[in-house]
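The sequence and the coordinates are shown below.

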Amino acid sequence: MSLKQPSQLPAWKALAEHFSKIRDQHLRNLFAEDPERGKRFTVEAEGIYYDYSKNRLTAETMRLLLALAEDSGVRERTEAMFKGEKINVTENRAVLHVALRAPRDAEIIIDGENVVPAVHAVLDKMSDFTNRITSGEWKGFTGKPIRNVVNIGIGGSDLGPVMAYEALRHYANREITCRFVSNVDGTDFVEATRDLDPAETLFIISSKTFTTIETMTNARSARDWALKTLQDDKAVAKHFVAVSTNAAEVSKFGIDTANMFEFWDWVGGRYSFDSAIGLSLMIAIGPDNFRQMLAGFHSMDEHFRTTPLERNLPVLLALIGIWYNNFFDAQTVAILPYDHYLGRFPAYLQQLDMESNGKHVDLDGNQVNYQTGPIIWGQPGTNGQHAYYQLIHQGTKLIPADFIGFNQTLNPVGRHHDLLMANFFAQTEALAFGKTEEEVKADGVAEDQAAHRTFEGNRPTNTLLADRLTPEMLGKLVALYEHKVFVQGTIWKVNSFDQWGVELGKVLANRIIPELESPQAQELSHDSSTNTLIERYRQRRNKQ
């Protein structure tokens with residue numbers, strides 16, 4: 001495997017030269033020159049039809065991008081990940097979220113141990129617990145069944161479960177109310193619990209170390225809230241369970257360690273909702289649907305691991321992203337799902353992508369001389385069309401976009417789905433081809449208005465089209481983007497599996513907390529801005 005930074009590779013240099021020749025080519029011309037382009041630049045696999053024809057690239061572009069993937073060792077590093085090698089070099093850890101969805105008879109070895117049996121033991125424990133909750137066998141402290149489940153976590157312990165719960169709400173047991181608390185702002189907890197009965201509420205505290213300050217602050221508030229009504233510390237064991245690896249802290253909190261669900265240090269938080277971190281999701285959608293989702297994950301894992309690069313969905317998505325990020329200098333990628341259930345999918349992908357590849361040094365600790373991770377943003381169509389699409393269509397920034405749609409709706413209501421999908425298809429067409437000034441004038445628009453109504457087009461999009469949003473398909477889509485991020489990190493030679501940038505703010509916050517909470521005003525030793533802001537807060541926080 002090459003240890004060179006990508007900008008030093010022959011394929012990168014060839015791409016730079018190629019870019020200078022085709023950068024100004026318009027999609028109108030590319031389609032006119034190749035009437036079959038809309039069929040040739042497509043791949044269908046794992047129930048996903050991927051159309052990348054509306055991108056500013058040619059067959060030669062793809063040949064060079066695929067050569068870059070080869071030169072960067074994508075295949076070798078993929079095998080290293082699946083074999084459990086410790087590719088997270090800064091923490092000396094394996095990266096094996098793929099083991100979380102491996103079949104029961106699979107074998108994945110870490111430090112001489114097959115981890116798959118342990119994974120399925122936890123899944124079985126989760127299934128048993130879920131069945132006890134939903135059947136009413138598990139009773140709260142007063143004998144009432146559990147009707148409400150509140151997941152308390154942050155980062156990957158929140159974004160994944162809440163995204164998947166919203167995505168799969170169609171399949172959820174509506175007898176169970178699911179809420180999610182992550183923000184240390186007390187408003188989040190208050191609003192999540194305002195209308196709940198403590199006697200019917202179960203809290204799932206999701207924290208690997210059981211020391212994460214935001215999560216444990218919310219957990220302690222949850223315990224106080226529950227005990228204010230239930231009046232007995234023994235009630236904690238019936239209304240709180242833990243997803244953690246720290247049995248001592250779990251026990252100290254008052255949770256029975258028999259109700260602690262394990263996960264492992266080879267699972268990064270942003271890759272973890274298909275582990276015990278997804279317990280709230282399993283309770284909502286049931287063990288069978290959860291396992292169908294895992295099967296979807298595994299199916300995409302196998303596609304990624306075994307399919308030739310030129311027909312490999314995550315690889316193609318990653319390479320086209322590299323093309324815009326590093327050659328067109330695009331700063332962002334818009335994720336635009338045309339399904340209301342995927343409302344939290346862009347937010348989920350923000351953490352997955354930006355926490356993974358927002359790095360400024362390579363695997364050897366050397367400063368990079370190229371752009372790494374893009375800014376990820378978006379929300380479901382058609383809402384975005386009446387908001388920020390204006391900038392995508394006529395602004396001065398190049399914004400590549402992924403459009404995600406489904407042939408079949410889960411909720412047939414009159415003409416709704418046809419209207420939704422008409423917009424889905426129309427937007428990628430409009431972005432690609434635009435409308436020339438001549439065409440605008442031919443429509444009878446006045447001369448002084450024509451420039452305002454002209455659309456340059458040549459705005460690139462990917463189209464991902466599947467039949468239905470099922471648990472299996474959600475698993476495939478999430479794994480698709482997981483592996484896309486991995487491929488891009490491999491090409492950029494960064495560690496996609498640490499997140500040291502998250503830690504600095506936590507360290508400084510821990511230093512400031514006693515400065516805010518101490519009854520005696522402590523001397524401040526920050527910069528002049530931070531000192532002044534803290535002093536103003538201390539003076540005014542209790543004023544009415």
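## Helix packing, sheet and cavities

Helix α21 (residues 501–517) and helix α22 (residues 528–540) have axes that come within 10 Å and cross at roughly 35°. Axes here are lines fitted to C-alpha atoms, for helices over the stretch in contact, with angles running from 0 to 180 degrees between N-to-C directions. Helices (H or I, at least four residues) and strands (E, at least two) are DSSP runs numbered from the N terminus. The crossing of α21 past α22 is right-handed, a term used if the near helix is turned clockwise from the far one by less than a right angle. On α21 the contact (heavy atoms within 4.5 Å) involves I512, E515 and L516, and on α22 it involves I534, Y537 and R538. Four of these contact residues are nonpolar, none polar and two charged; Ala, Val, Leu, Ile, Met, Phe, Trp, Tyr, Cys and Pro count as nonpolar, Asp, Glu, Lys and Arg as charged, and the others, Gly among them, as polar.

The model is predicted: local features need pLDDT of at least 70, side-chain atom pairs count only at pLDDT 80 or more, and totals for chains, interfaces and linings use all residues. Residues are numbered from 1 along each chain as its sequence is written, and side-chain values use heavy atoms, with hydrogens and water left out.

An open sheet of six strands runs in the order β1-β2-β13-β12-β10-β11, with mixed pairing; two strands pair if DSSP finds at least two bridges between them. Because β1 (42–45) and β11 (375–377) are edge strands with a single partner each, one side of each has no neighbour in the sheet. Ignoring direction, neighbouring strands are turned by 15° against each other on average. Four bridges join β10 and β12 in the parallel sense, and L336 stands opposite F403 in β12. Helix α15 (residues 345–357) packs on this sheet, touching β10, β11 and β12, and its direction makes about 165° with that of β11.

There are four cavities of 30 Å³ or more. A cavity is a set of points on a 1 Å grid over the protein atoms alone where a 1.4 Å probe fits but cannot get out, and lining residues have an atom within 4 Å of a point. Volume is the space filled by probe spheres set on the points, which are joined across faces, edges and corners. The largest cavity holds about 130 Å³. Of its 17 lining residues, G321, Y324, V333, P400 and N462 lie nearest its centre. Elements giving two or more residues to this lining are α14 (313–327), β10 (332–337), β12 (401–406) and β13 (461–466), and α14 supplies the largest share, five residues.

| Lining class, largest cavity | Count |
|---|---|
| Nonpolar | nine residues |
| Polar | six residues |

Conventions
On a 1 Å grid over the protein atoms alone, a cavity is a set of points where a 1.4 Å probe fits but cannot get out, and a pocket is an open set with protein on both sides within 12 Å along at least five of seven lines; lining residues have an atom within 4 Å of a point.
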